[in-house]
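Thanks for coming, everyone. Please look at the structure on the screen, and I will walk you through a few parts of it.

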Amino acid sequence: MKKIIISIILISMVQLGYSQEKTFHDFKAETIDGEQLDFSVFKGKKILVVNTASKCGLTPQYKELEELYETYGGEGFEIIGFPANNFANQEPGTSEEIKSFCEQNYGVTFTMMNKISVKGDDMSPIYSWLTKKSENGVMDSEVSWNFQKYFIDENGHLVDFVSPKTTPLDEKIVNWVRK
C-alpha cells in the first residue's frame, strides 16, 4: 500500500510539473504596428519563429518566407518574424521603416513583431525561452545570426531549430509544416 501511495504522489508531481511548463502560447509581445499580441491565439497552429534583418546577406529569405506562408499559412501554420539588430547593425530601422521595407520589397503578409534583442543581456523573454532548455524543456541553442528559424508545435512546445543559412523552402522545414 505504501508503494502505491508513493507512486501516486510521484505521478501527481510529474503531472503537476508538466502542467506548469511554460509554452510559446504563454507569451505576449508587441506587433510591428504597436499592438499587443497574445501568442495563445496561435494554439492549434505550427509556428515558424524567425529573427529577421533588412540589411543582411540573408535578407532575400523574406521572399521564401512569404512564399512558404502563402502556400501553407492560415488554419494550421503561422510565421512570426522578429526584427533584431544583434548582428553587425543589420536592422537599424524603426518599426515603420522595417514594415515598409518588408511590404515594398518582399510583399510580407505574415506576422511581424516590433524589433527585439535575440541575445545578450537585453534578450527578449521569448528568445530566452527559445534558447534555454531550463525554460523550454527541450534544448539549449544560441542564435548565431539573422534568419535562424525555430519550430513550435500546435501545443506551443519547441520542436527544433535550423541555422540561418537554411532557406525557408528547405525540405526539412516544408516537411515539418506539411506533417
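One definition before we start: buried means under 20% relative accessible area, exposed means over 50%, and partly exposed is in between, with a 1.4 Å probe and protein chains only. This is a predicted model, where local features need pLDDT of at least 70, side-chain atom pairs count only at pLDDT 80 or more, and totals for chains, interfaces and linings use all residues. Residues are numbered from 1 along each chain as its sequence is written, and side-chain values use heavy atoms, with hydrogens and water left out.

Now the overall picture. The protein chain has six helices and seven strands. Helices (H or I, at least four residues) and strands (E, at least two) are DSSP runs, numbered from the N terminus. Starting at that end, the order is α-β-β-β-α-β-α-β-α-α-β-β-α. The chain has 179 residues, and 45% of them count as buried. Its accessible surface is about 9,500 Å², with 51% belonging to carbon and sulfur atoms. That area comes from the Shrake-Rupley method with a 1.4 Å probe; for residues, only the protein chains shown count as cover.

What about contacts? Contact means heavy atoms within 4.5 Å. Take the contacts in the protein chain with a separation of 6 or more: residues 24 or more positions apart account for 63% of them.

Let's go to helix α6, residues 171–178. Which of its residues are buried? They are Ile 173, Val 174, Trp 176 and Val 177. These four sit on the same side of α6, because they cover an arc of only 160 degrees around the axis. The arc is that of the directions from the helix axis to the C-beta atoms.

What do the buried residues of α6 pack against? The partners are β3 (46–52), α2 (61–72), β4 (77–83), β6 (149–152) and β7 (158–162). Look also at the start of α6. There, a side-chain oxygen of Asp 170 comes to within 2.9 Å of the backbone nitrogen of Lys 172.

Next, a pair of helices. The axes of α2 and α3 (residues 95–106) come within 10 Å and cross at roughly 75 degrees. Axes are lines fitted to C-alpha atoms, for helices over the stretch in contact, and angles run from 0 to 180 degrees between N-to-C directions. So α2 and α3 are roughly perpendicular to each other. From α2, the contact uses Tyr 62, Lys 63 and Glu 66; from α3, it uses Phe 101, Cys 102 and Tyr 106. For the wording, angles under 35 degrees count as roughly parallel, over 145 as roughly antiparallel, 65 to 115 as roughly perpendicular and the rest as oblique.

Stay with α2 for a moment. Gln 61 is in this helix. Is Gln 61 buried or exposed? Gln 61 is buried, with a relative accessible area of 7%. Thr 166 is 105 residues from Gln 61 along the chain, yet their C-alpha atoms are separated by 9.4 Å. Beyond four places in sequence, the contacts of Gln 61 include Phe 147, Lys 149, Pro 164 and Thr 166.

Over to α3, which holds Ile 98. Ile 98 counts as buried, at 1% relative accessibility. Ile 98 and Ile 32 are 66 residues apart in sequence, and 8.3 Å apart in space, C-alpha to C-alpha. Past its neighbours within four places, Ile 98 touches Ile 32, and also, among others, Ser 54, Pro 83 and Met 112.

Ala 88 has a positive phi of about 55 degrees, although it is not a glycine. Asn 89 also has a positive phi of about 55 degrees without being a glycine. Ala 88 is exposed, with a relative accessible area of 58%.

Last stop: Ser 141, in the loop between α5 (133–136) and β6. At 16% relative accessibility, Ser 141 counts as buried. Which side chain does the side chain of Ser 141 make a polar contact with? The partner is Tyr 150, at 2.7 Å. A polar contact is a pair of N or O atoms within 3.5 Å; within protein, one must be able to donate a hydrogen and the other to accept it, and residues adjacent in sequence count only if both atoms are side-chain atoms.
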